[in-house]
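Please look through the model below with this note at hand. The points are numbered so that each can be checked in turn.

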Amino acid sequence: MDDDTTSTSTRPKTRKRNINNNNNNNNKRLKANGEKSDDEEDEEEECGDVEVWDSLSRSFKQVQTVLDKNRELIRRANENHQSRISDNIASNVSLISEINGNISKVVSIYSDLSLNFAGMVSQRRRRRTTMTKTNNNSNGHVESSVS
């Protein structure tokens with residue numbers, strides 16, 4: 001059984017190597033023609049992915065910070081309410097006001113995040129469309145347009 005497992009596991013590696021060699025040859029030809037290689041396109045996509053993930057991460061960290069602050073404000077408001085001391089209960093007005101302001105901040109952060117993410121996705125789609133058209137044109141394909 002070990003022999004079967006070994007022979008099965010080596011076959012895909014060999015195929016992958018052959019595919020990679022073919023891709024490398026194609027990439028060299030593309031570079032010679034002044035076009036971007038698959039590796040260069042992959043690197044650009046990875047950079048875009050890093051940018052998107054960094055943006056998402058920053059936004060989620062901002063949101064989490066505001067939500068943590070609200071958790072603390074709500075805890076204090078609950079303590080004030082349970083104490084039944086008039087000064088403490090009166091201070092809840094300002095705490096609740098701050099909580100509301102923080103909720104507005106969260107909504108704003110998510111709104112900005114949505115717009116930024118949609119913009120990045122749209123930009124990536126435009127880039128891919130442009131690259132596809134460029135590759136089709138360089139391969140002798142003629143684009144047709146409908147008027």
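1. Arg 84 has a relative accessibility of 71% and is therefore classed as exposed; the term exposed applies over 50% relative accessible area, buried applies under 20%, and partly exposed covers the range in between, with a 1.4 Å probe and protein chains only. Arg 84 sits in the loop between helix 2 and helix 3. Its phi angle is near 60°, which is a positive value in a residue other than glycine.

2. On the basis of the note: this is a predicted model, in which local features need pLDDT of at least 70 and side-chain atom pairs count only at pLDDT 80 or more, while totals for chains, interfaces and linings use all residues. Residues are numbered from 1 along each chain as its sequence is written, and side-chain values use heavy atoms, with hydrogens and water left out.

3. The protein chain contains three helices and zero strands. Read from the N terminus, the order of its elements is α-α-α. Helices (H or I, at least four residues) and strands (E, at least two) are taken as DSSP runs and numbered from the N terminus.

4. How much of the protein chain counts as buried? The share is 17% of its 147 residues. The accessible surface of the chain is about 11700 Å², and carbon and sulfur atoms hold 50% of that surface; the areas come from the Shrake-Rupley method with a 1.4 Å probe, and for residues only the protein chains shown count as cover.

5. Among contacts in the protein chain with a separation of 6 or more, 60% are between residues 24 or more positions apart. A contact here means heavy atoms within 4.5 Å.

6. Is Ser 59 buried or exposed? Ser 59 counts as buried because its relative accessibility is 10%. Ser 59 belongs to helix 2, which spans residues 38–83. When residues up to four places away in sequence are not counted, Ser 59 touches Ile 109 and Leu 113.

7. The next points concern charged side chains. Side chains of opposite charge can pair when their charged atoms come close. The structure holds four salt bridges, a salt bridge being a side-chain nitrogen of Lys or Arg within 4 Å of a carboxyl oxygen of Asp or Glu.

8. One of these pairs is Lys 69 with Glu 98, whose closest N and O atoms are 3.8 Å apart.

9. Glu 72 and Arg 75 are three residues apart in helix 2, so about one helical turn separates them. Glu 79 and Arg 75 are four residues apart in helix 2, and about one helical turn separates that pair. Glu 72 is partly exposed at 33%, Arg 75 is partly exposed at 37%, and Glu 79 is partly exposed at 43% relative accessibility.
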